[in-house]
Amino acid sequence: MKNPRGRVILSAVKALRKRVGYINEIMKGKCFTMAYQITDECISCGACEGTCPSEAIAEGDGKYVIEPDKCIDCGACAGGCPVDAIVAG
Ligand code: SF4
Ligand code: SF4
């Protein structure tokens, strides 16, 4: 590119696009919200698994667990737990 001003603008646009990419990654990682969590009170009844629209709940080692990357913080699972083991993060 012969025009130096054009080169500067192009590199500024590239830098901006990179930053927008970072922001998207941060949002995907839910840095601004906290996923729901399942405490040790869980009795592994499995009732919560089917209530999650994001399929974020699965049976873990000794209790059910919520995958934070999948949880959209809708709260649908919390009300159905018989031992109140699901809490907002
Ligand atoms: S509904 Fe409550 S007790 Fe049952 S598996 Fe889910 S978290 Fe555990
Ligand atoms: S809060 Fe919603 S998305 Fe998160 S685990 Fe519970 S039901 Fe699934």
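**Overall layout.** I began with the secondary structure and found one helix and four strands in the protein. I took helices (H or I, at least four residues) and strands (E, at least two) as DSSP runs, numbered from the N terminus. Read from the N terminus, the order is α-β-β-β-β.

**Ground rules.** I am working with a predicted model, where local features need pLDDT of at least 70, side-chain atom pairs count only at pLDDT 80 or more, and totals for chains, interfaces and linings use all residues. Residues are numbered from 1 along each chain as its sequence is written, while chains are lettered from A and ligands numbered from 1 in the order in which they are written.

I looked up burial next: 13% of the 89 residues are buried. Here, buried means 20 or more other C-beta atoms within 10 Å of a residue's own, exposed means 12 or fewer, and partly exposed is in between, with C-beta atoms placed from the backbone. For contacts I used C-beta atoms, placed from the backbone, within 7 Å. Of the contacts with a separation of 6 or more, 60% join residues 24 or more positions apart.

**Ligand 1.** I found 15 residues around this ligand, with Cys42, Cys45, Ala47, Cys48 and Cys81 coming nearest. A residue is near a molecule if its C-beta atom, placed from the backbone, lies within 6 Å of it. The shell has twelve nonpolar residues, three polar and no charged ones. In this scheme Ala, Val, Leu, Ile, Met, Phe, Trp, Tyr, Cys and Pro are nonpolar, Asp, Glu, Lys and Arg are charged, and the others, Gly among them, are polar.

**Ligand 2.** I counted 14 residues around ligand 2, the closest being Cys52, Cys71, Cys74, Ala76 and Cys77. Its shell splits into ten nonpolar, three polar and one charged.

**Cys77.** I followed this residue up and placed it in the loop between β3 (64–66) and β4 (86–87). Cys77 counts as buried because 24 other C-beta atoms lie within 10 Å. Leaving out residues up to four places away in sequence, Cys77 touches Tyr36, Cys48, Thr51, Cys52, Ile57 and Ile86. I also checked Glu49, 28 residues from Cys77 along the chain, and the C-alpha atoms are separated by 7.7 Å.

**Positive phi.** Most residues other than glycine have a negative phi. I noted Ser44, which is not a glycine, at a positive phi of about 55°. Ser44 sits in the loop between β1 (37–38) and β2 (57–59), and is exposed because it has 12 other C-beta atoms within 10 Å. Glu55 has a positive phi near 50° and lies in the loop between β1 and β2. Glu55 has 10 C-beta neighbours inside 10 Å, so I logged Glu55 as exposed.

Definitions and conventions:
Two residues are in contact if their C-beta atoms, placed from the backbone, lie within 7 Å.
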